[in-house]
Amino acid sequence: AYVHFTRANVLAEAGDLRGAEQQYLIAAELKPNGGSWTTLAEIYERQGRLNDAIQARQHAAELADSPYLALLSLGYDYLDAHRPKDALNAFDRALANVPTQPIVAVDKSFYANLAHGRAVGWSALGDVPRAITFEEETVRLTPDRSDDWLLLAQLYDSQRRTADAQKARERAATAVRDPSQH
């Protein structure tokens, strides 16, 4: 399994995504683990194969000892697939699977990305007040991400909270733009 996984990494780096996919599948079949399936999901995402990525992330979550990160990513894939209810379910499962041992420190960006995903999910379902609550939590946890402030401004605008929206836009102007958040 290790040889196939390593070969897949080399092929992926060389841009041969189909070859990499085949090698990751062989590695996952020989020694099922969350890492192989997570990497396979990333390959599928790079190819625009969202449904395959979702299935791979589901496998990763099933096999991981601590699946909270796989479930967070699964939630975002569901959002990309316009399946907000499934996304919210995945986010709930991610939170329920956060390690409770003091040895495992969960980064606050995980909680921020979780809250942001929930905000997007609730917004897609038309529950803007709940979306605002989660996006406010997001900016409390990570106040330096401009895209979060911009989403909060849009949510405020949709509720005719003009002054709050303006403050959020001002805050976004001084924050860092990070296209890779989540």
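Me: What share of the contacts in the protein with a separation of 6 or more comes from residues 24 or more positions apart?

Reply: Residues 24 or more positions apart account for 45% of those contacts in the protein, where a contact means heavy atoms within 4.5 Å. Please bear in mind that this is a predicted model, in which local features need pLDDT of at least 70 and side-chain atom pairs count only at pLDDT 80 or more, while totals for chains, interfaces and linings use all residues. Residues are numbered from 1 along each chain as its sequence is written, and side-chain values use heavy atoms, with hydrogens and water left out.

Me: OK, and how many helices and strands are there?

Reply: The secondary structure comes to 10 helices and 0 strands, taking helices (H or I, at least four residues) and strands (E, at least two) as DSSP runs numbered from the N terminus. The C-alpha trace spans about 60 × 35 × 30 Å along its principal axes, and 42% of the 182 residues are buried. Buried stands for under 20% relative accessible area and exposed for over 50%, with partly exposed in between, using a 1.4 Å probe and protein chains only.

Me: Let's take helix 2. Which of its residues are buried, and what do they pack against?

Reply: In helix 2 the buried residues are Leu17, Gly19, Ala20, Glu21, Gln23, Tyr24, Ala27 and Ala28, and these pack against helix 1 (2–13) and helix 3.

Me: What span should helix 2 have at 1.5 Å a residue?

Reply: The 14 residues of helix 2 (residues 17–30) should span 20 Å, and this agrees with the model because the end C-alpha atoms are 20 Å apart. The expected span is 1.5 Å times one less than the number of residues in the helix.

Me: Moving on, at what angle do helix 5 and helix 7 pack?

Reply: Helix 5 (residues 68–80) and helix 7 (residues 108–124) pack at about 30 degrees, with their axes 10 Å apart, and they are therefore roughly parallel to each other. The contact is made by Tyr68, Leu69, Leu72, Tyr76 and Leu79 of helix 5 and by Phe110, Asn113, Leu114, His116, Gly117, Val120 and Gly121 of helix 7. By class, this contact has 8 nonpolar, 4 polar and no charged residues.

Me: What about helix 7 with helix 8, at what angle do they pack?

Reply: Helix 7 and helix 8 (residues 128–141) pack at about 160 degrees with their axes 8 Å apart, and that makes helix 7 roughly antiparallel to helix 8. The residues of this contact divide into 8 nonpolar, 3 polar and 5 charged.

Me: Back to Tyr68: how far is its C-alpha atom from that of alanine 96?

Reply: The two C-alpha atoms are separated by 7.8 Å, although tyrosine 68 and alanine 96 are 28 residues apart along the chain. Alanine 96 is in helix 6 and is exposed, with a relative accessible area of 65%.

Me: Last topic, the loops. What is phi of histidine 82?

Reply: Its phi is near 60 degrees, a positive value in a residue other than glycine, whereas most residues other than glycine have a negative phi. Histidine 82 lies in the loop between helix 5 and helix 6 (84–96) and counts as exposed at 71% relative accessibility.

Me: And where is arginine 160, and is it buried or exposed?

Reply: Arginine 160 is in the loop between helix 9 (146–158) and helix 10 (162–174), and it is exposed, with a relative accessible area of 73%. Arginine 160 also has a positive phi, of about 60 degrees, although it is not a glycine.

Notes. Axes are lines fitted to C-alpha atoms, for helices over the stretch in contact, and angles run from 0 to 180 degrees between N-to-C directions. Angles under 35 degrees count as roughly parallel, over 145 as roughly antiparallel, 65 to 115 as roughly perpendicular and the rest as oblique. Ala, Val, Leu, Ile, Met, Phe, Trp, Tyr, Cys and Pro count as nonpolar, Asp, Glu, Lys and Arg as charged, and the others, Gly among them, as polar.
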